[in-house]
Amino acid sequence: MAAPPAVTAHILRNFSIAFVGIVGTIAGITEVYNIASLKDRESTYGWGERRPYNAKPQPQQDRLDTIYDRTQLMNKAKAAKPWNRTASEFERAKW
């Protein structure tokens with residue numbers, strides 16, 4: 001004896017909703033895992049390159065002798081190109 005079509009459709013709808021939910025959950029968990037492992041790989045990328053560099057002590061560098069000390073670079077540029085100076089710097093240079 002076959003089940004009525006209304007009951008069969010209801011059961012089929014419930015199974016399809018459950019199937020889509022399970023597939024979506026698996027896809028979401030997989031993506032979260034891939035993102036986490038990608039972040040881990042990015043954070044550890046380059047350790048093999050830095051390992052020989054860090055194996056021996058490096059000479060200490062003067063903290064002010066870096067590219068990040070822009071004051072000296074700006075003053076040198078303003079001395080080479082006076083039109084880059086502000087009005088107050090131009091007046092100060094006159095004295």
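This is a short chat about the fold, confidence and surface of a predicted model.

Biologist: What does the secondary structure of the chain come to?

Modeller: In this predicted model, the chain has four helices and zero strands, and reading along the sequence gives the pattern α-α-α-α.

Biologist: Which helix has the highest mean pLDDT, and which the lowest?

Modeller: Among the elements of the chain, α1 has the highest mean pLDDT, at 85, whereas helix α2, covering residues 47-55, has the lowest, at 64. For the chain, the average pLDDT is 76, with 63% of the residues scoring at least 70.

Biologist: Switching to the surface, how many of the residues are buried, as a percentage?

Modeller: Of the 95 residues in the chain, 3% are buried. The accessible surface of the chain is about 9100 Å², and carbon and sulfur atoms account for 65% of that surface.

Biologist: Which residues form a nonpolar patch on the surface?

Modeller: V7, I11 and F15 form such a patch, and together these residues have about 300 Å² of accessible area.

Biologist: And where does F15 lie?

Modeller: F15 lies in helix α1, which spans residues 5-44, the element with the highest mean pLDDT in the chain.

Biologist: Is F15 buried or exposed, and why?

Modeller: F15 counts as exposed because its relative accessible area is 60%, and the cut-off for that class is over 50%.

Key:
Residues are numbered from 1 along each chain as its sequence is written. This is a predicted model: local features need pLDDT of at least 70, side-chain atom pairs count only at pLDDT 80 or more; totals for chains, interfaces and linings use all residues. Side-chain values use heavy atoms; hydrogens and water are left out. Patches are made of residues with over 30% relative accessible area and no salt bridge: like charges are joined within 9 Å, nonpolar side chains (Val, Leu, Ile, Met, Phe, Trp, Tyr) within 5 Å. Accessible areas come from the Shrake-Rupley method with a 1.4 Å probe; for residues, only the protein chains shown count as cover. A salt bridge is a side-chain nitrogen of Lys or Arg within 4 Å of a carboxyl oxygen of Asp or Glu. Helices (H or I, at least four residues) and strands (E, at least two) are DSSP runs, numbered from the N terminus. Buried means under 20% relative accessible area, exposed over 50%, partly exposed in between (1.4 Å probe, protein chains only). pLDDT is the predictor's confidence in each residue, from 0 to 100.
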